[in-house]
Amino acid sequence: MAGVSYTLEAPELARAIERLGLTARLVGYHGEDLTEIAASVAESAARRRIETDKAAPDGTPWATWSDEYGKTRHLGQTILMAEGDLLKSLAAEYDPTEARVGSNLKIAAIHQLGGDPDQGHPPIPARPFLGLSDDDATDLETSLRDFLEGLL
């Protein structure tokens with residue numbers, strides 16, 4: 001992904017499995033299934049942030065549009081949802097050891113990290129949409145537990 005992405009690596013999955021009291025060996029047999037679940041949870045969280053939460057994974061509300069820029073927006077457009085391109089560009093990828101979610105749009109990286117005029121970017125405040133909140137991590141753990149319990 002060229003724009004920006006968030007990666008969940010195997011150690012996070014191994015810790016979740018360990019917390020469930022299961023052996024990490026299960027990852028070898030069903031790792032791709034587990035990382036697919038992790039990618040799905042992370043993608044859903046990013047979509048929810050863009051569509052409804054309008055806040056970073058840590059709960060910090062995003063900066064609003066400047067008054068000047070807000071005047072150019074059409075009725076009903078909200079932060080990061082202007083034409084829906086960012087939301088449409090979100091994609092999840094996974095393999096047996098990693099789960100990733102992100103966007104290949106350049107503007108996605110600028111919104112996630114902020115735009116630095118010294119680097120030729122527009123002066124846009126960071127509005128992080130990728131990552132896991134505490135609630136997302138709980139959802140991930142619950143989803144993994146449900147999947148693993150289904151195997152037993």
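Reply: Happy to! One term before we start: helices here are DSSP runs of H or I at least four residues long, numbered from the N terminus. Also keep in mind that this is a predicted model.

Me: Good. So where do glutamate 141 and arginine 145 lie?

Reply: Both are in helix H6, four residues apart, which is about one turn of the helix. Glutamate 141 forms a salt bridge with arginine 145, and their closest N and O atoms are 3.2 Å apart.

Me: Nice. Is glutamate 141 buried or exposed?

Reply: Glutamate 141 is buried, because its relative accessible area is 14% and buried means under 20%.

Me: How many salt bridges does the structure hold?

Reply: Seven. Another one joins the side chains of glutamate 43 and arginine 47, at 3.0 Å from N to O. Those two are four residues apart in helix H2, so about one helical turn separates them.

Me: And what about accessibility for glutamate 43 and arginine 47?

Reply: Glutamate 43 has 19% relative accessibility, so it counts as buried. Arginine 47 is at 25%, so it counts as partly exposed.

Me: Which residues are linked in a network of salt bridges?

Reply: Arg48, Arg49, Asp53 and Asp136. Within that group, the side chains of aspartate 53 and arginine 48 meet at 2.8 Å, N to O. Aspartate 53 is partly exposed at 35%, and arginine 48 is partly exposed at 31%.

Me: Changing topic. How many residues are in the largest nonpolar core?

Reply: It has 26 residues, and those with the most contacts inside it are Ile50, Trp62, Leu80, Leu90, Phe129 and Leu130. Helices H2, H4 (85-89), H5 (106-113) and H6 (134-151), along with strand S3 (98-103), each supply at least two residues of this core.

Me: Which one gives the most?

Reply: H2, with eight residues.

Me: You listed Ile50. What does it touch?

Reply: Leaving out residues up to four places away in sequence, isoleucine 50 touches Trp62, Ile79, Leu80, Met81, Leu86, Leu87, Leu90 and Phe129.

Me: Okay, and where is alanine 46 found?

Reply: Alanine 46 is in helix H2, which covers residues 25-53. Its relative accessible area is 0%, so it is buried. Setting aside neighbours within four places in sequence, alanine 46 is in contact with Leu90, Phe129 and Leu130.

Me: How are alanine 46 and proline 57 placed?

Reply: They are eleven residues apart along the chain, and their C-alpha atoms are separated by 8.6 Å.

Me: Last topic: which residues are buried in H5?

Reply: Ala108, Ala109, Ile110, His111 and Gln112 are buried there. For histidine 111, the relative accessible area is 14%.

Me: Great, thanks!

Conventions: Residues numbered from 1 in each chain as written. Predicted model: local features only at pLDDT ≥ 70, side-chain atom pairs only at ≥ 80, totals over all residues. Heavy atoms only, no water. Buried < 20%, exposed > 50% of the residue type's maximum accessible area, 1.4 Å probe, protein only. Contact = heavy atoms within 4.5 Å. Core = buried A, V, L, I, M, F, W, Y, C linked by side-chain atoms within 4.5 Å. Salt bridge = Lys/Arg side-chain N within 4 Å of Asp/Glu carboxyl O.
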